Structures are given as structure tokens and as C-alpha cells.
Amino acid sequence: TWIIFSDKKIWTKFQDSITSLCSKYHLPGVCNATTGKTLFDGYCYNMTQQDVGNFPDISVALKGIAPALTVQAADYIYQGAGIPGVYCMGVGFINDSEIPFIIGDILLQKYHVVFDKKKKQIGFGPLSTCPQQ
């Protein structure tokens with residue numbers, strides 16, 4: 001599951017912040033991409049690991065959760081369509097005012113997550129750094 005935003009202002013700000021990097025980097029699927037056929041529109045593009053590394057990390061700030069949760073570019077720009085070298089964006093927009101956002105496995109896989117249904121709250125912790133046995 002992706003990270004999904006339903007607030008158009010936040011989605012637009014996210015797009016603008018990545019597009020602003022075009023003055024410094026060539027980001028396939030963003031810089032000079034055909035309108036309506038960008039990574040933001042669900043299209044996938046040929047990229048190198050260096051291209052993926054030029055995308056910024058994303059910080060997701062949630063009320064009551066400190067510090068902000070971070071997703072690295074290599075996690076949200078993922079190899080898609082089963083074709084080596086073709087990458088897609090795992091962040092998207094859905095026009096649904098009932099759902100403020102969805103935090104999918106792209107972010108959740110980087111943290112220990114505890115769901116407290118009784119208190120209706122959620123907690124995040126860093127993954128263990130203990131060696132595997």
C-alpha cells in the first residue's frame with residue numbers, strides 16, 4: 001500500500017516540493033514529463049539507482065508522534081511492473097474527504113507499529129538494531 005493523501009493542498013505541496021528539485025537534478029517522470037503522464041499520475045519510468053537517489057526523503061509528521069516518520073526515496077520510488085529498471089511512485093492522491101490519508105507498508109515497514117484499539121491510538125518505534133540469531 002502506498003502513502004495516500006486526500007488533502008489536495010498537501011498533495012500539491014508534495015508535488016511542488018519534488019518538482020522544485022528539477023533545477024538541480026533531472027528526475028525522470030517529473031522534470032520535462034508530459035503533463036498528465038508523470039510519476040504523480042501513476043506512470044512508471046526508466047531510472048537508474050542514482051536517479052532514485054536524487055528524489056528526497058519524505059517526512060510524515062503526525063500529531064503526538066515525535067520525531068516525524070521518514071520514508072527514504074528508495075522506498076517510495078519502487079521498481080514496478082516487474083521490469084528491471086522501471087520505477088513507479090508509491091505516493092498518491094485520492095479525492096475522498098472521509099479519509100484524510102493512508103499510511104501504507106511503504107512507511108510501516110520501517111517501524112515497529114503498535115495498534116492500541118482500546119485507547120484508539122497508534123505508536124511507532126524504530127526497528128530493532130539487535131542482530132538476527
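Which residue in the turn of the hairpin formed by S3 and S4 has a positive phi? In this predicted model, the residue is Gly 64, with a phi of about 85 degrees. Two residues lie between the two strands of the hairpin.

The model is predicted, so local features need pLDDT of at least 70 and side-chain atom pairs count only at pLDDT 80 or more, whereas totals for chains, interfaces and linings use all residues. Residues are numbered from 1 along each chain as its sequence is written, and side-chain values use heavy atoms, with hydrogens and water left out.

The secondary structure of the chain comprises four helices and 10 strands. Helices (H or I, at least four residues) and strands (E, at least two) are DSSP runs, numbered from the N terminus. From that terminus, the order of elements is β-α-β-α-β-β-α-β-β-β-β-α-β-β. The chain has 133 residues, of which 34% are buried. Buried denotes under 20% relative accessible area, exposed over 50%, and partly exposed the range in between (1.4 Å probe, protein chains only). The accessible surface of the chain is about 8900 Å². Carbon and sulfur atoms account for 54% of this surface. Areas come from the Shrake-Rupley method with a 1.4 Å probe; for residues, only the protein chains shown count as cover. Among contacts between residues at least 6 apart in sequence, 52% join residues at least 24 apart. A contact requires heavy atoms within 4.5 Å.

Strands S3 (residues 58-62) and S4 (residues 65-71) run antiparallel and are joined by four bridges. Two strands pair if DSSP finds at least two bridges between them. Val 60 has Leu 69 of S4 as its bridge partner. S5 pairs with S6 (residues 86-89) over three bridges, in the antiparallel sense.

The structure holds four aromatic pairs. Rings of Phe, Tyr and Trp (its six-membered ring) pair if their centres lie within 6.5 Å; planes under 30 degrees apart are stacked, over 60 edge-to-face, and the rest tilted. Trp 11 and Phe 40 form an edge-to-face pair, 5.9 Å centre to centre, with 90 degrees between the planes. Trp 11 is in helix H1 and Phe 40 in the loop between H1 and S2, 29 residues apart. Phe 14 and Phe 40 are also edge-to-face, at 6.2 Å and 85 degrees. Phe 14 lies in H1, so its pair with Phe 40 ties together parts 26 residues apart in sequence. Phe 14 is buried at 10% relative accessibility, and Phe 40 is buried at 12%. Trp 11 is buried as well. Ring pairs link Trp 11, Phe 14, Phe 40 and Phe 93 into a cluster.

The charged end of Lys 8 sits over the ring of Phe 93, 4.7 Å from its centre. This assignment needs NZ of Lys or CZ of Arg within 6 Å of the ring centre and within 35 degrees of the ring normal.

Two loop residues complete the description. Thr 38, between H1 and S2, is buried at 11% relative accessibility. Beyond its neighbours within four places in sequence, Thr 38 contacts Gly 29, Ala 33, Tyr 43 and Tyr 45. Asp 7 lies between strand S1 (3-5) and helix H1 (8-19). Asp 7 is partly exposed, at 36%. Its C-alpha atom is 7.7 Å from that of Asn 95, 88 residues away along the chain.
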